[in-house]
Amino acid sequence: MTDTAIALSLNWDQVDEYISTLADIIRHDGVPQTIIGILRGGMVPAVLLAHQLAVRDVRGIEVTRTLTEQPNGEKAARPQIVNPVSVGVLDINADVLLVDDVAGSGATFDTSAALISHRVARVRRVALVVNTVNWERSKLVAPQQTLDYIGTTCAGWVHFPWEV
């Protein structure tokens, strides 16, 4: 991966700042009962938010779309849920926070939310970063109309501190 392909390279301090800001906003809207991180990258911000919000029920859902780890790598036509039962049993009255590290088109969020939205009272979507280049290519609506909370945006590939 070359640095020229990276539009945003986050360090841990920046991630902590975005998580703290997101947690304050989410707390104002109501602390969720359950936080579900979209595997792999979404688990890191999901756990960080869980600590900030004092939420103990943290789960993961494995949804794959990107086929490589390279910037602008090939993607599957549609996101695939690898293990739908991994979310477990959810309380019908639950307020769920669905978290991912980056949103490019919103399709992974849509697929994940479709699996759980009919099983709970409320699903909110959190993206630490929105890649606006990919979003503009694939959506007719702004990310703010699809996602409830956004840490930041960038125009291109994002490198997170937990990535090799």
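## Leu39 and its surroundings

Apart from neighbours within four places in sequence, Leu39 is in contact (heavy atoms within 4.5 Å) with Gly60, Ile61, Glu62 and Val63. Leu39 belongs to strand β2, residues 34–39, where helices (H or I, at least four residues) and strands (E, at least two) are DSSP runs numbered from the N terminus. With a relative accessible area of 32%, Leu39 is partly exposed; buried denotes under 20%, exposed over 50%, and partly exposed the range in between, with a 1.4 Å probe and protein chains only. The C-alpha atoms of Leu39 and Thr64 are 8.1 Å apart in space, although 25 residues separate the two in sequence.

## Basis of the model

The model is predicted: local features need pLDDT of at least 70, side-chain atom pairs count only at pLDDT 80 or more, and totals for chains, interfaces and linings use all residues. Residues are numbered from 1 along each chain as its sequence is written, and side-chain values use heavy atoms, with hydrogens and water left out.

## Overall architecture

The protein contains 5 helices and 8 strands, arranged from the N terminus as β-α-β-α-β-β-β-α-β-α-α-β-β. Of its 164 residues, 45% are buried. Among contacts with a separation of 6 or more, 70% involve residues 24 or more positions apart.

The accessible surface, about 8,500 Å², belongs to carbon and sulfur atoms for 51%; accessible areas come from the Shrake-Rupley method with a 1.4 Å probe, and for residues only the protein chains shown count as cover.

## Packing of helices α1 and α2

Two packed helices are described by the angle between their axes and the distance between the axes. Helix α1 and helix α2 (residues 43–53) pack at about 55°, with their axes 9 Å apart. Helix α1 is therefore oblique to α2, given that angles under 35 degrees count as roughly parallel, over 145 as roughly antiparallel, 65 to 115 as roughly perpendicular and the rest as oblique. Axes are lines fitted to C-alpha atoms, for helices over the stretch in contact, and angles run from 0 to 180 degrees between N-to-C directions.

On the α1 side, the contact is made by Trp12, Val15, Ile19, Ser20, Leu22, Ala23, Ile26 and Arg27. Helix α2 contributes Val44, Pro45, Leu48, Leu49, Gln52 and Leu53.

## Salt bridges

The whole structure holds 5 salt bridges, each a side-chain nitrogen of Lys or Arg within 4 Å of a carboxyl oxygen of Asp or Glu. In one of them, Arg27 pairs with Asp24, the closest N and O atoms being 2.9 Å apart. These two residues are 3 residues apart in helix α1 (residues 12–29) and are thus separated by about one helical turn. Both are partly exposed, Arg27 at 37% relative accessible area and Asp24 at 45%.

A further salt bridge joins Asp57 to Arg59 at 2.8 Å between the closest N and O atoms; Asp57 is partly exposed, at 25%. The side chains of Asp110 and Arg125 meet at 2.7 Å, N to O. Because Asp110 lies in helix α3 (residues 107–116) and Arg125 in strand β6 (residues 122–131), this pair ties together parts 15 residues apart in sequence. Asp110 is partly exposed at 29%, whereas Arg125 is buried at 15%. Salt bridges with shared partners also join Asp95, Arg122 and Arg124 into one network.

## Cover of helix α3

Helix α3 is mostly covered, with 7 of its 10 residues buried. These are Ala107, Thr108, Phe109, Ser112, Ala113, Leu115 and Ile116.
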